[in-house]
Amino acid sequence: MGRFDGKVVFVTGAARGQGRSHAVRFAAEGADIIGIDLCHDLDTVQYGLATETDLAETARQVEELGRRVVARRVDVRDFDDLAKVAATGVGELGRLDVILPNAGIVASGPTWEMPVDKWHDVVDINLTGVFHTIRATVPHMIEAGNGGNIVFTGSLAAMRGIANAGAYVAAKHGVMGLMRTLANELAAHSIRVNAVNPTNVATDMLHNATNYKLFVPEEADPSLADALDRFMSLNLMPVPWIEAQDISNAMMWLCSDEARFVTGSMLPVDAGGYVKTVR
């Protein structure tokens, strides 16, 4: 018996990284999955995004666990497509119990120099895309009357400022405000709303040349070795990053009966980054 037998989980950004980890982790505990991803690169993002092949691999791993999956290529900026997929997934799988708005991108550079289209892509995906996800899915959850859980993917950047990441920081702070508001709005429906705020996570969003440049702006072409000390400096514990599985485990706890009275919370999984004393 899995902790989520018979339940359905909706995951955005499901093709790789944290999203894939969440989908597979919940499937291992008995859940069926609705997973979506953009599955193409953006001109404003200077690292490769997930592909349709990646999304198919997530679906394969879920099915290998004996669970059903509805996997679709969808841009969270496109509300109409997102709503159609949510309705299709709920129709095929029969219900909706957990919503994990996880899709996100990052772009670096001084805020006053950031191209306007780059700002919009980051905010539109990381914040407006989260609203679109909520708008497309929560009505199904309320209509079913089974309660439920929403867990937002936050960030250490949702709790503090980070130089050269203005759009990302602003969007993640906005997600925290949305989380607190929804916790108030949805409590009467027994829907709990929380967020997990990670430090660096070992995914493609971290391990790319653009992100190394974010942490080491003074170098023309920094490597992982150049960025490693900067990664370490974020955290109290002596690690440069954590794993996607660590975030999946936190989300699973927040969605479980063990956390049945936890709502409106920000759970840092950050190796002590938020409370670290700056000297």
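Is H22 buried or exposed? H22 is buried, with a relative accessible area of 0%, where buried means under 20%, exposed over 50% and partly exposed in between, for a 1.4 Å probe and protein chains only.

## Basis of the model

This is a predicted model, in which local features need pLDDT of at least 70 and side-chain atom pairs count only at pLDDT 80 or more, while totals for chains, interfaces and linings use all residues. Residues are numbered from 1 along each chain as its sequence is written, and side-chain values use heavy atoms, with hydrogens and water left out.

H22 sits in helix α1; helices (H or I, at least four residues) and strands (E, at least two) are DSSP runs numbered from the N terminus. Not counting residues up to four places away in sequence, H22 touches L100, N102, A244, I247, S248 and M251, a contact being heavy atoms within 4.5 Å.

Two packed helices are described by the angle between their axes and the distance between the axes. For α1 (residues 17-28) and α8 (residues 244-255), the axes come within 9 Å and cross at roughly 50°. Axes here are lines fitted to C-alpha atoms, for helices over the stretch in contact, with angles from 0 to 180 degrees between N-to-C directions. The angle makes α1 oblique to α8. Angles under 35 degrees count as roughly parallel, over 145 as roughly antiparallel, 65 to 115 as roughly perpendicular, and the rest as oblique. The crossing of α1 past α8 is right-handed, a term used if the near helix is turned clockwise from the far one by less than a right angle, and left-handed if anticlockwise.

On the α1 side the contact is made by G17, Q18, S21, H22, R25 and F26, which meet A244, Q245, I247, S248, N249, M251, M252 and C255 of α8. These residues divide into 6 nonpolar, 7 polar and 1 charged. Ala, Val, Leu, Ile, Met, Phe, Trp, Tyr, Cys and Pro count as nonpolar, Asp, Glu, Lys and Arg as charged, and the others, Gly among them, as polar.

I247 lies in α8 and is buried, with a relative accessible area of 0%. Leaving aside neighbours within four places in sequence, I247 is in contact with Q18, H22, V196, P198, V201, I242 and V269. T199 is 48 residues from I247 along the chain, and their C-alpha atoms are separated by 9.9 Å.

## α1 with α2

Helix α1 also packs with α2, at an angle of about 15° and with the axes 9 Å apart. That makes α1 roughly parallel to α2, and the crossing is right-handed.

R20, A23, V24 and A27 of α1 meet D54, E57, T58, Q61 and V62 of α2. By class, this contact has 4 nonpolar, 2 polar and 3 charged residues.

## α4 with α5

The axes of α4 (residues 116-144) and α5 come within 8 Å and cross at roughly 20°. That makes α4 roughly parallel to α5, with a right-handed crossing.

Among the α4 residues in this contact are W119, V122, L127, F131 and I142, and the α5 residues include Y168, K172, V175, L178 and L186. The contact divides into 17 nonpolar, 3 polar and 1 charged residues.

## Nonpolar cores

In soluble globular proteins, nonpolar side chains tend to be buried together. The largest nonpolar core has 59 residues, of which I34, I105, I150, F152 and V193 touch the most other members. Such a core is a set of buried Ala, Val, Leu, Ile, Met, Phe, Trp, Tyr and Cys residues joined through side-chain atoms within 4.5 Å. Helix α5 (residues 166-186) gives the most to this core, with 9 residues.

Leaving aside neighbours within four places in sequence, I34 is in contact with V8, V9, F10, V11, V70, V85, G89, V90 and L93. A second, separate core of 31 residues includes A27, V69, A244 and L254.

## Loop residues

C39 lies in the loop between β2 (32-37) and α2 (52-64). Phi of C39 is near 65°, a positive value in a residue other than glycine, and C39 counts as buried at 6% relative accessibility.

S190, in the loop between α5 and β6 (191-198), has a positive phi of about 60° although it is not a glycine. At 53% relative accessibility, S190 counts as exposed.

W112 is in the loop between β4 (98-100) and α4, and counts as exposed at 74% relative accessibility. W112 and W241 are 129 residues apart in sequence and 29 Å apart in space, C-alpha to C-alpha.
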